[in-house]
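This report describes a structure for a reader who has not seen it before.

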Amino acid sequence: MILGRAFMPDATLGAPRYLSLLSPGGWSLYGLAAIVLFFVFPLLHLTVPADSALHISDYWVTLIGKIMCYAIVALAMDLIWGYTGILSLGHGLFFALGGYAMGMYLMRSIGHDGVYQSDLPDFMVFLDWKKYPWYWSFTEHFGYALALVVLVPGLLAFLFGFFAFRSRIKGVYFSIITQALTYAFMLLFFRNDTGFGGNNGFTDFKRILGFPITAPETRMALFVTTAAALLGFLLLGRWIVMSKLGRVLTAIRDAETRVMFSGYNPLYFKLFIWTLSAVICGIAGALYVPQVGIINPSEMSPANSIEIAIWTAVGGRGTLLGPVLGAAAVNLGKSWFTKAFPEYWLFALGLLFILVTLFLPRGLAGLWHSRKKRP
Amino acid sequence: MNRLVAALARGCLPGIVALLASSAMAAIAPQTIRDLAFGEGDDKIRAIGALSASGDPQALPLLQALLDGEMQTAGEEQVLLVQGDKATDLLTGRTVSPLPANRDDVVVNNRVRRSLGTAIAAAKLFAPDRSARLAAARELQNTADENMLPAITTALAKESDAEIKELLSQTRASIQLASTDRATRIAAIRTLAESSNPSTKTLLLGVLEQKSGSYVEADAEVRSEAGKSLRAVESKLATGEMIGRIFSGASLGSILLLAALGLAITYGLMGVINLAHGELIMVGAYATYVVQNLFRRYAPGAFDAYLICAIPMAFAVAGLVGMALERCVIRFLYGRPLETLLATWGISLILMQTVRTVFGAQNVQVENPSWMSGGFVAMTGIVLPWSRIAIIGFAALVLLLIWLLLTRTRLGLFVRAVTQNRAMASCTGVPTRRVDTLAFGLGAGVAGLAGCALSQIGNVGPDLGQSYIVDSFMVVVLGGVGQLAGTIYAALGLGIVNKLLEAWSGAVLAKIAVLVFIIFFIQKRPQGLFALRGRAMET
């Protein structure tokens, strides 16, 4: 119950403004999550010997790290779909762009350790390129790569959103053209000549900021960073949906015309949340790539982007914790299914799509609320 | 075809040999035969040229025998045609038995063998069968040399078929380009201007070529003629290429149209976003595959007719799947387009995985009926495949049927009524629910027809639908919702634009450019090319 109330947008406003973001119960839950992710996990992974029952294996660290990245994406999707009512089928694109920006830095830091021991990444040697194309300049600097992680998805989303929202494209039309957008980018990145490794994308990373990327300590650092990002974005999301801005966004979702007639211009509100959502996705992608060790154009396939929507739908649109739990539940299910019954995963996922839309329009969080109301 | 003629010639050989051996022998001069058998290389080649130019029906078996090593000599005077343990003296026509001991093979060196090959083709120019002559003329087009000139000239004089005549005169002109006579060269160059063969361009460029500062062709007038002819040939080639491109564009457009027509009904008329549409196409393709296998197993004789049976089958299977979906899932989601989108995506995953489980993840083989193989030769080098032409025709037919169904039948009337005003239609007694199911089934069935058509030109696999879903949505969105006419224009336009761009920028970039174009287009005209004007502001 605490959980449900803690993340409801209509929680009571208290005295110090930042404290009023969450209810006391919400804050204690938040603190608990932080303690588990920041201290318990690293301790159990790094200091407890591998044969102990309490030891957390590499497999789980990678899986949970990956799922936290997905959870950030689901959160971003929730801001734009759950709160503003705009279903994007192109969020996989922003995720992948962030990942590629980080991947460029990681490729540069391989240095001479590639198969061909050249200055250039192996795929460029393979294409017989002699120097980096212009858009690869400065990517050896970590700071610049981080800027790209934010700027590339952000600028693309801003431009696309500006034109789309200005012509008041909405609903299904918007969904379909975002799908076309990510599809076009996928085709572009599949070409070898685009300069991002074609089919294979980027892989075989060696180090990040000088640390070996496969070392347990590095992996744990990435894990903790991802956890911090997730917790941070949860608070940011909470702050946005509690603010007046958030109220306008929800109003746009429910009756855009009335918002317009009340003197607001929905364009800028939509544009803001759309761009922010894309940037958050980009950051999630950048955290994802070093942990998983590969990024390729299939991340941009329309199917991936639709899957993001189902994480959010399963968890519950219009709540913040819901999508996080939805992403975790679906992906844990996926990794269990693909090991236990590989051929049935798509059946399960397909059924999930149908059943959730038919019977659980408000997702798992909705289930929680209705249970709370009944007694 | 060439091989067929050769086989025929070889098969008939014993019979013709018997003829040769008797009275008709006299037609070929003994001196020619002697030259063939005993002469030096040049004598032989001259004799071969004379034989092929004679137009004599007996020349062909004789040349073939020489090529096959069946012509042998015995002593200084006997020229034998040896077949197994029988031999015929070619000069006297008498059967020689037993075989003389002092036989020698007639020497055929590479040069002679080459000219023999061409001569045999030239000899076939006099065959009574038109297709044999055409095949021979095609073969000569690329292999003929000046030795064949007399043969070609004779054949040209006798020939009555326009197509063969044109081929021959082109070939003759390309040989005459090397002539020492200036007037002949000019005439040849003028004849070549009529050609639409890419190799003619190379020939004419050769005339205009410069080597170490001076022209290969010294005569300025010949060069200017060659320049003129070159421009004529180039413009013909460009036209040909354009025809090819527009045809492949129209073909792609008709495929897009077929894929999008079903969507134009379910999305355009009913407003249902059906992301499983691609999978309904796939279901149609697999239905075709099953029908094909049934025919192969139970009625191999009627295999060519399987498509006739597969078309209604694909329609029915996909239509039934569609109606089942509408009854079980989509019905509950009317008015919630985004949820429909997600649910139908789930359906598409399930359909894909079902097909994978039943038929395997690999692509399956769907064979064209034999009447679909080959193509219509529009110009030299441009072949329009029958399968593509059939699909263009099929798309037009489907379009016509849908139009008739929507405008001339009771069901069509009901569908339009429900589309325009559901509540009012319901009040006047239209069974809206059943109309929904039937209309959705119709859209799904048309998707099945698209699958049946696609199975004839591409791979059939579980992922077939995925590659068409984005494209078909683009077509419907571009064409405007609720308009069949818009769908037609959008499909053909996209197909042709895509193919034209492809020639210029490559397939992937063309596709990206088209997608970007659509994205921008929708900014300008969110309602598509053909918008229904209305006063409703928002649903």
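## Two loop residues in chain A

A:F138 sits in the loop that runs between α5 (122-126) and α6 (142-166) of chain A. Helices (H or I, at least four residues) and strands (E, at least two) are DSSP runs, numbered from the N terminus. The model is a predicted one: local features need pLDDT of at least 70, side-chain atom pairs count only at pLDDT 80 or more, and totals for chains, interfaces and linings use all residues. Residues are numbered from 1 along each chain as its sequence is written, while chains are lettered from A and ligands numbered from 1 in the order in which they are written.

Although A:F138 is not a glycine, its phi is positive, about 70°. Most residues other than glycine have a negative phi. A:F138 counts as partly exposed because it has 15 C-beta neighbours inside 10 Å. The classes are buried (20 or more other C-beta atoms within 10 Å of the residue's own), exposed (12 or fewer) and partly exposed (in between), with C-beta atoms placed from the backbone. A:R168, in the loop between α6 and α7 (171-190) of chain A, is another residue other than glycine with a positive phi, near 50°. With 16 C-beta neighbours inside 10 Å, A:R168 also counts as partly exposed.

## Overall form of chain A

Chain A contains 14 helices and 4 strands. Its C-alpha atoms fill a box of roughly 65 × 55 × 45 Å, taken along the principal axes. The radius of gyration of chain A is 21 Å, which agrees with the value near 21 Å for a compact globule of 375 residues. This radius is taken over C-alpha atoms, and the globule rule is 2.2 Å times the number of residues to the power 0.38.

Of the 375 residues in chain A, 43% are buried. Among contacts between residues at least 6 apart in sequence, 76% join residues at least 24 apart. A contact means that the C-beta atoms of two residues, placed from the backbone, lie within 7 Å.

## Nonpolar cores

A nonpolar core is a set of buried Ala, Val, Leu, Ile, Met, Phe, Trp, Tyr and Cys residues joined through C-beta atoms within 7 Å. The largest has 194 residues, and A:I72, A:V73 and A:L75 touch the most other members. Helix α3 (residues 58-82) of chain A gives the most to this core, 16 residues. Another core, of 41 residues, lies apart from it and includes B:L66, B:A135, B:L140 and B:A151.

Leaving out residues up to four places away in sequence, A:L75 touches A:F233, A:L234, A:G237, A:I280, A:L320, A:P323 and A:V324.

## Where the chains meet

The contact takes 38 residues from chain A and 34 residues from chain B. On the chain B side, the elements that give two or more residues are α14 (337-359), α19 (466-479) and α21 (507-524). The largest share, 14 residues, comes from α14(B).

## Sheet and domains of chain B

In chain B, 5 strands form an open antiparallel sheet in the order β4-β3-β2-β1-β5. β4 (95-96) and β5 (103-105) stand at the edges with a single partner strand each, so one side of each has no neighbour in the sheet. Strands pair if DSSP finds at least two bridges between them.

The domain assignment, automatic or from a database, gives chain B domain 1 (2-175) and domain 2 (248-524).
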